[in-house]
Structures are given as structure tokens and as C-alpha cells.
Amino acid sequence: MEDFEQYLEQNYFTKQYDNLTKNLADKKILLYGAGKFFNYIYERYDLSKFNIIGIADKKFRNEKFYKSYPVKYIKNCNDSDFDVMLVALQDYKSVVDDFSKKFASKKIIPLVKQYFLNHIQFLLTRHCNMNCVACSHFATISDKEFYSFETFSKDLRRIKEICPEVKSFAFVGGEPLLNKDISKMLELTRDLFPSSYMDIISNGLLVKSMTEDFWKTLEKTGTTINITAYPILENKHKEIEEYIKSKNVNGQIYCSENLINHNLKFFKRFNIDAKSDKKEAWEKCFSKNCHTLYNGYFGGCYFPSVADIANNVFNLDIDYKSSLINIHDENVTLDDILDLCENPQEICKYCDTELEHVDWYRITEKPFKMSDFFVRQKP
Ligand code: SF4
Ligand code: SF4
């Protein structure tokens, strides 16, 4: 029982309950799940604020009522019986998915949603000192822009207001070590989110030129530094790892098999035709959990936060604005943000499901070629 109490507290159920009773006031609700979790909630919360037309559970056989609610049998239910199904299970994801397919026109939602964000990454700067071909963040073609500490601080405090718990933060770029305010940003994040995992993802070029203060901040805030290995540091991996260790900081080099074979492959997946099926692209996407915050705007992944760079350089018209949330809009709630993270967005139409591989190299001079960043146009 105590577990349920903790679970409800961790997921701010009182707040969720208030939102649900408000948002579902005029809806016919079918409850699904009549186990211990539901009973715990039933005994402690006033569910009469919902218009519950029945309760369903696979355990029911011939029952007519449960806790005074009419028992419904899913096999006999159809879309016209209810407006919203509330799933009263802790492990709700697969049930919500299955019923969303079966009752395609209805809203199927958990009674208690996991009310936190797993991850946010910050683009501390959008440019980079590596300048890779096919950089998916378009850092190679970006102007020298930084996330200022003032804006970062305003954004982070707003995130704390909307979402008191975020499991992990990544400080990325471009190359994040180029931002001179990185230490202040790490300290503020640790102050506001004392138990979140924090890491920096760097290309390693600047590691040995960072100040002692920077390393002390990493140690103090418990921040890990992860280095993506590129061929130009190939003989220095061990040295860099030992250097990081000597600073009492956790860190490692991520070295792909390709690199060991002296043949680092990058890939392109953005197309400018916007012809992809956004749902299919999103479902197959390995970047959909890279939720990104930059200059007051939150995106389900990094693409909408950098698409304007490609638009400017190549004179394109990628529609990215509808895939971003302005976190300073006073009406924005965590539900809006979770919704953005958990569903395909318009911008996913610009992502192919098949990746186009390219040999890695550094782009050293202009003019930039669109074919270095976008897949071949389809006939
Ligand atoms: S190191 Fe990373 S961010 Fe920098 S250009 Fe290469 S892929 Fe882009
Ligand atoms: S836009 Fe959609 S499909 Fe493309 S990288 Fe982002 S989440 Fe993935």
C-alpha cells in the first residue's frame, strides 16, 4: 500500500486529479482496471467528480456491479459507449496502446500518468569546432550563437515550475564546452534539480584546455562528461580518459566500431520534400527521446530547435515552429509537454526511415552543400 502512496506522490496525482476533473467534467468515462491500485485511489479520492458510466477489468466474469459502478465487458463495448477511457493501472502503456487501436476515435488515457520528464537536453551553443559532414544539429553551418546564462536561467526556472522532476539533463551542442557560462549553468541545474543525472556530451577537442574551476564544478555537481570519439583524437583516447579521471570526474569515450576500423560513418536522414509518413518516421526514430530546450522553446527532439539554421543557409522552408512549445506561454502545462514528447510532430515528415550513410570528414570551407546534410531528393 505504501508503494501506491509514494507512486501517487511522485507523480503529483493531486495536481493530475484536479486537471482531470476539470478537463473531463462533461465526458462519459469508462474506467479500466479494478485491481488494488484502483481500490487505493477509490478509497482516498472523490471519484464522484467524474461521470463514470462503468468499470471494466479482465478479471470480471459475470459481475453486474463493482464498487457501485456498472461492470462493462470490453468485448461488448464500442466507441459510442463512452467518451474517454481512464486506465487505472500503474503499468498502463501497453494497455493504452492496445485500446487506442481498438477504440480509435476515443481518448484512452491513464488515470495516473507518469508525471515527470525523463530527459531534457540543452543546446549550450548551436555551433561547433569539429564541423562534421552531415551533422544532424547543423552545427557545421551555424553562426556562432550561444545559449546565454540569463536565458538559460529563466528557462530552467520555468521548467522547474512546469515540471518539478526531470530524471536527466544533457548539456550538448554544437560543442557545449565552447559556452563560457557552462559552469554556472551546471551549478544552477544542480541547485534546482538536486537528484537528476547530469552529463555533458562533447567532441573532446577542448577537454584539456578547460579551467580548474570547470573541473571542480563537474566534481561538485556530480556531472559526467561523455566524449564522442572522432578520428582526429584517435590516438589520444586513453590520455583523455585518464585526464578526466585525474580531475575526480566521471567520464568516458564513446568509440564506435566504425572508428576502430578507421572508417567512421555518419548518416543523413533529413529530406526537404516532407514526404515521410510522420507516424512511421517517429516510431522508428532513435532520437525521439532527445527532448531539447533552446532559447525558451521546447522540442520533442533537437530537429525543430536547429531547422532554422538550414532554412537560413540553404534558403529552405522547413516548417519547424508548430513542433515547438514556447515554455513561457502561461497556459503551457506538463501535459502539453508530455504530449509533444509522446507523439509524432509535423516536422517528422522531414525524416526518412532509411538512413543514408556517408564517410565522416570535416568540412573546412564554404560554400556549404545541401547534399552534405540532406538525403537525395526522391523522384
Ligand atoms: S562534433 Fe557533433 S555537433 Fe560538432 S559538428 Fe560533429 S556531429 Fe555536429
Ligand atoms: S523530427 Fe521526428 S523523426 Fe525526425 S528526428 Fe525528430 S523525432 Fe525523430
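This is a predicted model: local features need pLDDT of at least 70, side-chain atom pairs count only at pLDDT 80 or more; totals for chains, interfaces and linings use all residues.
The protein chain contains 12 helices and 16 strands. Along the principal axes, its C-alpha atoms occupy a box of roughly 75 × 55 × 40 Å. Of the 379 residues in the chain, 34% are buried.

Two domains are assigned in the chain: domain 1 spans residues 2–110, and domain 2 spans residues 117–372. Taken over C-alpha atoms, the centres of domain 1 and domain 2 are separated by 38 Å.

A helix pair was examined in detail. Helix α6 covers residues 182–192 and helix α7 covers residues 212–221. The axes of these helices come within 9 Å and cross at roughly 15°. An angle under 35 degrees counts as roughly parallel, and α6 and α7 are therefore roughly parallel to each other. The crossing of α6 past α7 is left-handed. On the α6 side, the contact is made by I182, S183, L186, E187 and R190; on the α7 side, D213, F214, T217 and T221 take part. Sorted by class, the contact of α6 with α7 comprises 3 nonpolar, 3 polar and 3 charged residues. An α-helix has 3.6 residues a turn, so residues three or four places apart point the same way.

Helix α8, residues 237–246, is hardly covered. Of the 10 residues in α8, the number that are buried is 1. Just after α8, residue N248 adopts a positive phi of about 60°.

Residue L20 belongs to helix α2, which runs over residues 13–23. The C-beta atom of L20 has 23 others within 10 Å. The cut-off for a buried residue is 20 or more such atoms, and L20 is therefore buried. The C-alpha atom of L20 lies 54 Å from that of I232. Along the chain, L20 and I232 are 212 residues apart.

Terms used:
Residues are numbered from 1 along each chain as its sequence is written. Chains are lettered from A and ligands numbered from 1 in the order in which they are written. Helices (H or I, at least four residues) and strands (E, at least two) are DSSP runs, numbered from the N terminus. A residue is buried if 20 or more other C-beta atoms lie within 10 Å of its own, exposed if 12 or fewer, and partly exposed in between; C-beta atoms are placed from the backbone. Domain bounds come from an automatic or database domain assignment. Axes are lines fitted to C-alpha atoms, for helices over the stretch in contact, and angles run from 0 to 180 degrees between N-to-C directions. Angles under 35 degrees count as roughly parallel, over 145 as roughly antiparallel, 65 to 115 as roughly perpendicular and the rest as oblique. A crossing is left-handed if the near helix is turned anticlockwise from the far one by less than a right angle, and right-handed if clockwise. Two residues are in contact if their C-beta atoms, placed from the backbone, lie within 7 Å. Ala, Val, Leu, Ile, Met, Phe, Trp, Tyr, Cys and Pro count as nonpolar, Asp, Glu, Lys and Arg as charged, and the others, Gly among them, as polar.
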